[in-house]
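Come along and check each entry against the picture.

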Amino acid sequence: MDAYLDLFNIYIMGVVETVIQLYFLAKILKKKVWPPVYFLFAVCAVILNEFMPVNTIIGFVALVLMITAFGKFACHSDFKSSFLYAALSIEFMLLCYGLLNSLISLFHPWLPEVFYTNGIAVMLISEIASLALSGLCYYVVYRYFSCYTKDQMQQMFLVIIPVLMIFIMSEYISVVEFQYEIYMDDGPSGYLLNRGQMIVMYFLGLASLFCILFSYKKIQQNFFLRTKLSLLEQEEHSLNLYVEEAKARYDETRAFRHDIKNHITVVKELLQGGKLEEAAGYIEDMDDMAERMSFPCSTNNPVVDILLGNKLGIAKSMGVHVDCSLLLPYPCGLRDIDICIVLSNALDNAIHACKNMDAGMEKYIRVSGRIQGDFLMVEVRNSFRGKGAFKKGTGLSNIKAVAEKYGGAMSIETGEGEFVLQALLIIPQQHGGVK
């Protein structure tokens, strides 16, 4: 009978448990896996558990790496996500089994004798109850704690430390409780902890795991709200700048139009008086006045023209050579403010990079881009002093946020003294489709 119990407990239920863990991992990673692959990895995990039991630190880490390999190679997912959810799946199952075993031990005196005469039945009920509780935990994690982007998973990898700590503490208590009894002169006097305390310990372990995941979710939500607030504040700041710039341009244009009749009268009198050179000089002065009121870069988008006029004007006053070949149909399906967030942050970074360069070094900023089909590709190149080491601040985060808002992406490259930023935005099919 004992041999059959061992076969059932170690091999059959071991394969079933591992398959459930692998299925949970594939589900939470949103991947589909060929069913025989589950069985293959489950058998390997059971064999591994024979040499390195999972209730030891080495065995736990080995099993985590085995399931991580399943996520990496069978699910084609990244290592960090696979490793984290593999550790969580194993830890949840171990705590659920410990909790159910403690409950059975607690009610041991009140269970009927027939319950213990059939070992397979006892073990089967225990296994089914433990698997059901584990499945419930997996569902809660999948339902509420799995909607993370790849970037968010980078920070979530930090929760592996408290997860491992919970495992170590739970297994230490289990070893002390179930393997080491206190022996007095008259024989064993009992366990260090009673069953009720063990149930509380395992329950607190499960609760701690959910609290860690819940806390991380709140942190991510707060980070998202801070990023969104930063974008809104930048939008407000940019709008104020555009309004002031538009007012200044309007006042200059109104003054020029107000004086245009006087200017024409002066030119006519000079021509009538035969003063051709004076008339030509006066016309050149008028042309300079009109040039100052025009935008240095014409993109066909008046809002973007104001922005580029302001930013590139600052760069030119610093002795930076600027070049702009950006064309944007108006309207183009993208919000003007979103385009300006990309350009203003990119140009602010470029101006800052040029400002930090030594005197005598070539300083330039080149802005280019155009719409092709449903895509807008914007590229900003600028001179850069460094070897690729730079800090990704709020500016680049805002550009990336706008690119992702439109289903696009941002990329940065550093070469020999040059920094290149590219932002790809996908134009919505219907104007105003993105808020």
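My entries on surface patches and cysteines follow.

I noted first that this is a predicted model, where local features need pLDDT of at least 70, side-chain atom pairs count only at pLDDT 80 or more, and totals for chains, interfaces and linings use all residues. Residues are numbered from 1 along each chain as its sequence is written, and side-chain values use heavy atoms, with hydrogens and water left out.

**Nonpolar patch.** I looked up Ile57, Val61, Leu65, Phe79, Met165, Ile168 and Met169, which make a nonpolar surface patch of about 610 Å². Helix H3 (57-74) and helix H8 (160-179) each give two or more residues to this patch. Ile168 sits in helix H8 and is partly exposed, because its relative accessible area is 38%. For my own use: buried means under 20% relative accessible area, exposed over 50%, and partly exposed in between (1.4 Å probe, protein chains only). Patch members have over 30% relative accessible area and no salt bridge; like charges are joined within 9 Å, nonpolar side chains within 5 Å. A salt bridge puts a Lys or Arg side-chain nitrogen within 4 Å of an Asp or Glu carboxyl oxygen.

**Negative patch.** I found Glu284, Asp285, Asp287 and Asp288 gathered in a surface patch of negative charge. Asp287 belongs to helix H10 (residues 276-293), and its 49% relative accessibility makes Asp287 partly exposed. Helices are DSSP runs (H or I) of at least four residues, numbered from the N terminus.

**Cysteines.** How many disulfides did I count, taking a pair of cysteine sulfur atoms within 2.5 Å? The count is zero. Cys137 is in none, and the nearest cysteine sulfur, that of Cys96, lies 3.9 Å away. Cys137 is buried, at 6% relative accessible area, while Cys44 is partly exposed at 33%.

How values were computed: Accessible areas come from the Shrake-Rupley method with a 1.4 Å probe; for residues, only the protein chains shown count as cover. Lys and Arg count as positive and Asp and Glu as negative; His and the chain ends are not counted. The place of a charge is taken as NZ of Lys, CZ of Arg, CG of Asp or CD of Glu. A disulfide is a pair of cysteine sulfur atoms within 2.5 Å.
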